[in-house]
Amino acid sequence: MALRQSGWQSSEGMGWTGRWSGRGGEPGHDWLPLVDVRETDEGYRLDLEIPAVDPKDVSVRLDERVLSISGERPFDAVDEGQRLRHRERRYGRFTRSFRLPEDADGDNIVADARNGVLSIMVGKHSQPEGKVIEVQFAS
């Protein structure tokens, strides 16, 4: 399911973040964590893969219905006497941003990092119960 079809908009489709760098992140960033977004009746859950990132180095911010997650994975040092022959893992800064759907409750957000996955739970606004409106007759 595409994020856009479910009411979520990733920063890739928002237009205001500019072009993506060739390394897979927003301009000025080095890598892009993969994310899954799930919806339940109670809310939304975002799971971002951030292995080897200290949760203290992660920031989650909400500003005008845009949820932004940023952080940094430090480079592994190459010890003296070693030569790096091949590197595929990404290091450095990252940022992901998502525009919340209309029914998301910005006052009900919880984030938890465990085993290299950052989970962010966003509650939904409760829907008002339907009611019958009595029509008053003029006398």
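Among contacts in the protein between residues at least 6 apart in sequence, what percentage joins residues at least 24 apart? The share is 53%, with contact meaning heavy atoms within 4.5 Å.

The model is predicted, so local features need pLDDT of at least 70 and side-chain atom pairs count only at pLDDT 80 or more, while totals for chains, interfaces and linings use all residues. Residues are numbered from 1 along each chain as its sequence is written, and side-chain values use heavy atoms, with hydrogens and water left out.

The protein contains 8 strands and 0 helices. Its elements run β-β-β-β-β-β-β-β from the N terminus on. Helices (H or I, at least four residues) and strands (E, at least two) are DSSP runs, numbered from the N terminus.

An open sheet is formed by 4 strands. Their order is β2-β3-β8-β7, and the pairing is antiparallel. Two strands pair if DSSP finds at least two bridges between them. The edges are held by β2 (35-39) and β7 (104-114). Each has a single partner strand, so one side of each lacks a neighbour in the sheet. From one strand to the next, the twist averages 15 degrees. Axes here are lines fitted to C-alpha atoms, and angles run from 0 to 180 degrees between N-to-C directions.

β2 pairs with β3 (residues 43-49) over 5 bridges, in the antiparallel sense. Arginine 38 stands opposite arginine 45 in β3.

Of the 139 residues, 31% count as buried, that is, under 20% relative accessible area with a 1.4 Å probe, protein chains only. The accessible surface comes to about 9900 Å², by the Shrake-Rupley method with a 1.4 Å probe. Carbon and sulfur atoms account for 46% of this surface.

Note on methods. Buried means under 20% relative accessible area, exposed over 50%, partly exposed in between (1.4 Å probe, protein chains only).
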